[in-house]
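What follows is a short report for a reader who meets this structure for the first time.

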Amino acid sequence: MQLKVIDIFLAKTVLDDDVIGLTPLKVGQYPIRAIEDEQYEVAKSSVTVCHLTSHELEQIIKSKAAVIINE
């Protein structure tokens, strides 16, 4: 699956020592996959992974900031 970002938004990411931070997901397409406990993992780059809850993803899609593309 791919997450197609239409309008930039912030997503959670893990920084050094398990500190949670925010990183912008800019316009483009990113691989996304479901992980445990209604969480999604978005590969922003080979070293940066973002996390979205099902609720956050639903809100982003409803606001038309992004869409899911099944490939």
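K64 is exposed in this predicted model, because its relative accessible area is 62% and the cut-off for exposed is over 50%. This residue lies in the loop between α1 (54-62) and β7 (66-69), and K64 has a positive phi of about 65 degrees although it is not a glycine. Such a value deserves mention because most residues other than glycine have a negative phi.

A second residue of this kind is D37, which is not a glycine either and has a positive phi of about 55 degrees. D37 sits in the loop between β4 (28-35) and β5 (39-43), and with a relative accessible area of 66% it counts as exposed. Another exposed loop residue is D16, at 65% relative accessibility, and its place is between β2 (9-14) and β3 (20-25). The C-alpha atoms of D16 and I69 are separated by 31 Å, while the two residues are 53 places apart along the chain.

| Residue | Relative accessible area | State |
|---|---|---|
| K64 | 62% | exposed |
| D37 | 66% | exposed |
| D16 | 65% | exposed |
| T13 | 6% | buried |

T13, which belongs to strand β2, is buried because its relative accessibility of 6% falls under the 20% cut-off. The side chain of T13 reaches the backbone oxygen of V49 at 2.8 Å. Leaving aside residues up to four places away in sequence, T13 touches V19, I20, G21, L22, T23, T48 and V49.

How are the strands around D37 arranged? β4 and β5 form a hairpin with three residues between them, and D37 is in the turn. These two strands pair in the antiparallel sense over four bridges, with A34 standing opposite Y40 in β5. On from there, a hairpin of five residues joins β5 to β6, and five bridges link β5 to strand β6 (residues 49-53), the two running antiparallel. Within this pairing, E41 has H51 in β6 as its bridge partner.

The largest nonpolar core holds 14 residues, of which L3, F9, L25, V42 and L52 touch the most other members. At least two residues of this core come from each of β1 (2-5), β2, β4, β6 and α1. For L52, the contacts beyond four places in sequence are L3, F9, A11, E38, Q39, Y40, V42, L57 and I60.

Taken as a whole, the chain has one helix and seven strands, and from the N terminus on its elements run β-β-β-β-β-β-α-β. The radius of gyration of the chain is 11 Å, which agrees with the value near 11 Å that a compact globule of 71 residues would have. Along the principal axes, the C-alpha atoms fill a box of roughly 35 × 25 × 20 Å. Buried residues make up 27% of the 71 residues, and the accessible surface comes to about 4,800 Å², of which 53% belongs to carbon and sulfur atoms. Finally, among contacts between residues at least 6 apart in sequence, 45% join residues at least 24 apart.

Methods. Residues are numbered from 1 along each chain as its sequence is written. This is a predicted model: local features need pLDDT of at least 70, side-chain atom pairs count only at pLDDT 80 or more; totals for chains, interfaces and linings use all residues. Side-chain values use heavy atoms; hydrogens and water are left out. Buried means under 20% relative accessible area, exposed over 50%, partly exposed in between (1.4 Å probe, protein chains only). A polar contact is a pair of N or O atoms within 3.5 Å; within protein, one must be able to donate a hydrogen and the other to accept it, and residues adjacent in sequence count only if both atoms are side-chain atoms. Contact means heavy atoms within 4.5 Å. Two strands pair if DSSP finds at least two bridges between them. A nonpolar core is a set of buried Ala, Val, Leu, Ile, Met, Phe, Trp, Tyr and Cys residues joined through side-chain atoms within 4.5 Å. The radius of gyration is taken over C-alpha atoms; the globule rule is 2.2 Å times the number of residues to the power 0.38. Accessible areas come from the Shrake-Rupley method with a 1.4 Å probe; for residues, only the protein chains shown count as cover.
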